[in-house]
Amino acid sequence: MGRRSRTVAATATLAIALPMGVAFGAAPAYAAGEVEIDPSVEGTPFGGWGTSLAWSANYTGDWSNREELADLLFANDLNSPSLGLNIARYNIGGGDAPEFAGTLRPGAEVPGYRSGPDEQYNWEADPRQRWWLDAAKARVPADDFIVDAIAYSAPYWMTQSGRSIGNTDGSQDNLLSGYEDEFANYLADVTEHFAEQGTEFRVLSPLNEPSTNYWSTAGRQEGMHVSPGANQAALLDATYEALAARGLSTGLSAVDETSIDLSISDLRALQAAGFDMSRVDQINAHTYSGGDRDALHQMAVGSGEKRLQMSEVTIPGGSFNPQAISASLSFASALTTDLKQLRPDEWVYWQALESEAESIAGDGNWGLVHYTSDGSEEYSITRKFHAFRQYTNFIRPGSTFLWNSGSSTVSALNEDRDELTIVTFNNGSSPQAASFDLGKFAAVGAEARVFRTSATEDRAEVAAAPVAGDTLDVSLPARSISTFVVPVEMPAIPEVANGTFELGDPGQEIPGWLTRGGDTYGSQITADYTQRGGISGGELELVHYGTDPYTVTTYQDLRVAPGMYTVRAEARSNGGTDVAQLVASSGESRATAPVPNDEAFSGIAAENVEVLDGTLRIELETRSPGNRWVAFDNVTIERQVSPAATLAASAVGDATEGSTVQIAATATDRYGQSLGDVSDSVEVTSDNATDRVDGASVTLGEPGTRTLTVTLPGSDATAAVEVDVIAAPEESSLDVTAEAATRCAAGKVQVTVKVTNNDDVAVQVAAVSEYGTKTFASVAPGKSATHAYTTRATNIAGGEVDVTASATVDGQPVSTLMSAPYDSRTCG
């Protein structure tokens with residue numbers, strides 16, 4: 001399900017609050033160091049982590065130690081120093097004019113596959129980047145490996161300047177007018193060749209930071225300005241059609257802008273140009289500078305229902321010092337901001353391998369592993385590499401991010417849904433107490449494994465932290481990044497994510513919900529927000545409102561077991577809307593409930609929605625003229641009880657004539673979901689008239705096989721239980737008698753016992769009195785055995801001696817128990 005984190009300030013006007021402005025990255029209203037984690041608010045499965053190959057791959061792809069470098073980035077052994085990346089972005093080089101060879105920064109001269117307009121394709125080109133692509137593919141599990149392609153520029157002969165690095169004026173387009181198809185065909189031909197060689201690009205982007213003025217002939221890397229709107233739309237259309245013409249599975253991605261603001265403005269310009277956004281499979285965004293990350297998320301994911309990738313960023317983190325913890329903390333802060341506010345499906349670092357000489361020249365901490373560019377083929381690992389491992393080694397592909405409070409913490413559930421990862425950082429100069437509330441999980445482990453990067457530690461495992469009750473209380477060392485891994489058990493019964501709208505502050509920060517704002521571009525994503533006034537036991541309600549006509553749907557996809565469901569909500573409105581309703585759907589099953597035209601809350605319910613695929617979509621939908629409002633609160637689901645479809649039963653007990661057996665029964669509904677033990681509810685009949693049935697108990701009559709038929713009232717489920725009843729064995733006994741008496745001896749009472757064996761087999765005898773036990777190993781047939789117990793008393797009360805006689809008769813053990821009484825006695 002989606003999550004939100006955009007905040008819009010609101011002011012009350014009568015019964016409605018109007019969005020007045022946007023505040024980004026506002027911290028939730030929790031005390032410092034206290035972090036709540038809500039497992040009901042999950043993101044979609046995370047696709048993973050990656051890097052662009054491009055320059056660094058082109059520079060190091062023929063090094064003698066290249067296998068070591070590939071292990072550092074892509075090895076799947078996370079106990080070794082590896083990032084464990086699973087996404088590679090391959091740069092389809094345009095190729096610069098030959099006369100300018102050697103003028104670009106180290107590695108940036110990525111070869112194109114055609115060296116001139118009249119040349120054939122050279123599929124041996126770009127050998128070093130291709131080696132890196134194969135090395136990544138060999139290290140990453142096939143189910144996790146993703147390779148996307150991007151072009152930074154068209155080949156030089158397709159450009160205005162005759163260079164692949166930009167126009168003479170970086171603010172002007174460099175692709176020759178009318179060359180969209182030729183460039184698109186070049187990219188599609190390369191894509192097709194790679195597919196034929198066994199590597200399919202998932203998506204292809206023909207644009208890279210196209211609206212910026214970075215790309216000019218004064219630059220040192222490939223780049224190409226493409227004006228927003230019609231020009232970008234023309235190139236995207238041409239690329240889409242070239243891929244489709246070849247029958248390739250590769251999709252289209254856009255727009256790879258340098259900032260969030262430019263990503264949004266480029267998408268708005270595409271909309272104005274009439275571009276069909278359904279042609280795009282993935283929205284790529286760079287986060288070198290800011291903007292409304294949540295708005296982009298709602299445009300791409302909520303409204304467009306596209307995959308969203310943070311496809312490029314590098315964080316310098318202060319002046320050059322590759323081991324400075326300050327650079328690592330800057331990195332962790334930027335990464336956390338992206339994960340919490342943009343909430344991408346994947347996160348890709350620009351150049352994990354970076355030229356140290358370039359970092360020194362730029363006085364920044366670029367890259368994660370630095371390599372020399374003097375021919376020595378040496379490399380060094382920066383502290384940022386280990387800082388990144390705090391995230392990548394534990395939040396693996398298939399994990400889902402959870403909502404949590406706090407601006408410096410992210411949390412994620414692993415793919416098996418039995419382990420929670422918490423990553424947090426303390427950028428202060430003194431230790432900070434942190435308390436993680438795990439109370440919403442069904443169960444948590446006794447302790448958390450702890451990993452840390454600091455000025456003296458490199459993703460080091462340190463002492464485990466105990467979990468007390470439902471709380472993980474820890475102290476975060478100064479200037480450190482910590483990862484906690486805790487075994488957890490998820491709640492058995494799912495609930496609507498933030499169905500009470502109480503998470504976060506009032507505004508457009510609505511954790512757990514996505515917004516479809518008017519169209520696939522999200523033109524009206526600001527028409528939903530929370531404000532004070534809810535009835536869910538807290539303070540907030542969800543509001544749909546716009547001063548102009550608007551269409552907005554606030555929705556989420558909930559993971560549930562197959563079955564029949566009802567979705568309920570409290571709703572109110574001031575009337576006059578075209579559509580205001582609660583919608584619940586799964587596959588072809590759909591139910592709606594209209595919102596009443598009443599400013600007081602009342603309950604509504606969308607009932608009898610059949611879920612077969614495990615996903616239930618809940619939508620709060622409004623289409624309205626301006627100045628009409630609708631409010632929702634307290635959204636809940638309940639799984640309707642379905643009749644039993646199958647019944648499993650067995651007879652428990654001794655199947656001997658005259659014995660009683662108990663019927664044990666369990667049932668499942670037609671969706672395969674257990675209805676549990678129904679033994680107390682079943683009805684039983686027997687096809688043998690000598691049996692006596694009482695509820696689920698059957699007293700067995702005559703020997704033989706009979707069938708017990710078990711039914712569950714209110715359903716068609718039945719079960720047949722066959723019972724083979726055996727005859728009750730004849731009782732065997734031994735002909736043994738016992739007599740007890742008392743007598744006086746030396747003024748004290750003695751108790752005597754005499755056992756007589758009248759049977760025709762020898763017997764073993766055990767005689768037990770309160771004065772001791774006497775055993776006789778063998779008493780022959782027709783013989784007696786006698787024993788006197790000394791009481792050491794002058795008088796005793798009457799009592800008895802318990803006698804057990806045992807023997808083997810016809811190969812079967814037989815025992816006879818008897819008691820021999822004696823009277824009271826006084827002596828002296």
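Visitor: Is the crossing in which α7 passes α8 left-handed or right-handed?

Guide: α7 passes α8 in a right-handed crossing. The rule is that a crossing is right-handed if the near helix is turned clockwise from the far one by less than a right angle, and left-handed if anticlockwise. One caution, as this is a predicted model: local features need pLDDT of at least 70 and side-chain atom pairs count only at pLDDT 80 or more, while totals for chains, interfaces and linings use all residues. Residues are numbered from 1 along each chain as its sequence is written, and side-chain values use heavy atoms, with hydrogens and water left out.

Visitor: Why are α7 and α8 called oblique to each other?

Guide: Helix α7 (residues 293–303) and helix α8 (residues 325–342) pack at an angle of about 45°, with axes 8 Å apart. The axes are lines fitted to C-alpha atoms over the stretch in contact, with angles from 0 to 180 degrees between N-to-C directions. Under 35 degrees counts as roughly parallel, over 145 as roughly antiparallel, 65 to 115 as roughly perpendicular, and the rest as oblique. The pair α7 and α8 is therefore oblique.

Visitor: Which residues of α7 and α8 meet?

Guide: R293, D294, L296 and H297 in α7 meet T337, D338, Q341 and L342 in α8, where contact means heavy atoms within 4.5 Å. They divide into two nonpolar, three polar and three charged. Here Ala, Val, Leu, Ile, Met, Phe, Trp, Tyr, Cys and Pro are nonpolar, Asp, Glu, Lys and Arg charged, and the others, Gly among them, polar.

Visitor: What makes E36 count as buried?

Guide: Buried means under 20% relative accessible area (exposed is over 50%, partly exposed in between; 1.4 Å probe, protein chains only). E36 has 14%, so it is buried. E36 lies in strand β3 (residues 34–42).

Visitor: How do you know that β29 is mostly covered?

Guide: In strand β29 (residues 579–586), eight of its eight residues are buried. V579, Q581, V583 and S585 are on one side, and A580, L582, A584 and S586 on the other.

Visitor: What makes β29 and β32 a pair of strands?

Guide: Two strands pair if DSSP finds at least two bridges between them. Seven bridges join β29 to β32 (residues 615–624), and the two run antiparallel. Helices (H or I, at least four residues) and strands (E, at least two) are DSSP runs, numbered from the N terminus.
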